[in-house]
Amino acid sequence: MRTALTLLFLLALAAMPGALLPQLSLNAAKVDEYVAQRGWWGQLLLKLGFFEVYATPWFAAIYLLLFTSLVGCLLPRTWEYFKQMRAKPVLTPRNLSRMPHHSQAELDVTPDEALARAKKAMRGWRMETGEGTVSAERGFLRETGNLVFHFALLGLLVSFALGKMFNYEGQVIVQADGGQFCNGGIFNYDQFRPGLRVDGTDLTPFCVEIGKFTADYLDNGQPVGYQADIRYQSGDDLTSNTWKPYTLQVNHPLRTEGDRLYLLGHGYTPTFTVTFPNGEKRTQGIQWLPTNQLTLASEGATKFDPPGVTDSETRRKNQIAVTGLLAPTPLLHGSILNSKFPALNNPMVAVDVYRGDLGVDDGRGQSIFSIDQKMVEQGRLAKVARKNLALGEEIVLDDGTKVRFDAVNDWVSLQVSHDPTQGYVLAFAILIILGLGVSLTVKRRRVWVRATRLEDGRTLVEVGGLARTDQAGYGEEFTRLARAVLNEEKS
């Protein structure tokens, strides 16, 4: 037991860095920033795994040792418990006056009547009757609660381990006012973290469509709440094409087919229309990334291919990217644009327009939020214009191409979480609380009664008590029992 308690303390201690330090699985950019700010100390923490605590060998070692220790502790205790449950109460000691609790009196009753009175007073106790004696014991639920607590803790550890094997979690950005997402495969996600036994080929199928999105803010820009009106299909609804409505809010996920759909946050998608010199138009809206969570000032890159160009070399030399800053509620310092509030109040964009080879055709992945700076450094992509644009305004490039700022729409960030063991985790957590409560409140105690016939015809009745724990309260209970046995009128 001492080993298990030590390991439990070490597990709590080992988990502290996971709660206090940024973790790679949650925010890799924050980890990079933390390491850069702290130099060699940050590098040492990175090498020791303090930024991925729950995946480190030393955390797993503590976890497995605790599991092994609990099993080694519980098996003999359970066997001992079953033996105690089948055993009879301890025989009445020869000298009851040595017990921590003792009382006696001479009564005008027979020994059998005194013992009958004792049995009545201790109804519900485990009793064993001897020659002129009664042995009683109570409080076995204390050890029951103790075992339930430890077995539930063991079950909780197993559930967590199985959950890490069979769970998955993914994030995706979906446009509001008609955007859809289907949980059909990992390629539908922007980020996906599978469990050890999940390959992404057997995800729970469901689809959602995002309708109207609303956000409420305080005067200082702090969000009060986000709400998205959605429709969803799952189970048999997918074959019958039935959509069900749901109001998705932060901390109020949609639960369907064993999965949970969370609303994490939102941002904005500016829409631009590019009119090329030949008169053809291309309209596109791509989400931009908030760089300031308080004002939702956002940066991004909306990229266009020239229309009607079949030659790949010519097409690559005339691609266009609209990059810059989106200010939902603009704040201008001269020509410098910033945002002062996260809601859309006459939004503006400060755009840099690039023309040339965007590098999107070389087979390498590229962020949708930025352009490839290597292409700029090599001179294959050049900035051709810069301007602040309000809604409906446009900028004209040197070749007559026009870029117009048309609209701003909302996007929402969703998270899908699947954990088949969450019900077991809840059940074991409840059992831990119940078992701990029982083991702390129930007292293990024993009572013995001896009735001896005296020479004058009266009966000497002795009552002795022993508490198996140091908890207070048994003295009062013993006093009540002794009164009931020794003086029925006062019981």
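The side chains of E313 and R316 meet in a salt bridge, 2.7 Å from N to O (a salt bridge being a side-chain nitrogen of Lys or Arg within 4 Å of a carboxyl oxygen of Asp or Glu). By this rule the count comes to 20 salt bridges. This is a predicted model, where local features need pLDDT of at least 70 and side-chain atom pairs count only at pLDDT 80 or more, while totals for chains, interfaces and linings use all residues. Residues are numbered from 1 along each chain as its sequence is written, and side-chain values use heavy atoms, with hydrogens and water left out.

**Salt bridges**

- E313 and R316 sit three residues apart in helix α7 (residues 312–317), so about one helical turn separates them. Helices (H or I, at least four residues) and strands (E, at least two) are DSSP runs, numbered from the N terminus.
- E313 is partly exposed at 38% relative accessibility, and R316 is partly exposed too, at 23%. The cut-offs are under 20% relative accessible area for buried, over 50% for exposed and in between for partly exposed (1.4 Å probe, protein chains only).
- E128 pairs with K88, with the closest N and O atoms 4.0 Å apart. E128 belongs to strand β2 (residues 126–130) and K88 to the loop between α3 and β1 (101–107), so this bridge ties together parts that are 40 residues apart in sequence.
- On accessibility, E128 is partly exposed at 25%, whereas K88 is exposed at 63%.
- R404 bridges to D406, and here the closest N and O atoms are 2.5 Å apart. R404 is partly exposed at 25%, and D406 is partly exposed at 27%.

**A buried charge without a bridge**

- E462, in strand β23 (residues 459–467), is buried yet has no salt bridge. Its nearest side chain of opposite charge is R450, 4.1 Å away; for this, Lys and Arg count as positive and Asp and Glu as negative, with His and the chain ends not counted.
- E462 does have a polar contact of 3.4 Å with the side chain of H102. A polar contact is a pair of N or O atoms within 3.5 Å; within protein, one must be able to donate a hydrogen and the other to accept it, and residues adjacent in sequence count only if both atoms are side-chain atoms.

**The largest pocket**

- About 1300 Å³ of space lies in this pocket. On a 1 Å grid over the protein atoms alone, a pocket is an open set of points where a 1.4 Å probe fits, with protein on both sides within 12 Å along at least five of seven lines; lining residues have an atom within 4 Å of a point. Grid points are joined across faces, edges and corners, and the volume is the space filled by probe spheres set on the points.
- Its lining has 38 residues, and Y54, A55, F160, K164 and N167 are the closest to the centre.
- α1 (2–20), α3 (57–86), α5 (141–166), β6 (191–194) and α9 (422–441) are the elements that give two or more lining residues. α5 gives the most, with eight.
- The lining divides into 23 nonpolar, 10 polar and five charged residues. Ala, Val, Leu, Ile, Met, Phe, Trp, Tyr, Cys and Pro count as nonpolar, Asp, Glu, Lys and Arg as charged, and the others, Gly among them, as polar.

**The second largest pocket**

- This pocket holds about 850 Å³ of space, and L26, N27, Q191, L289 and S413 lie nearest its centre among 21 lining residues.
- The lining splits into 10 nonpolar, nine polar and two charged residues.
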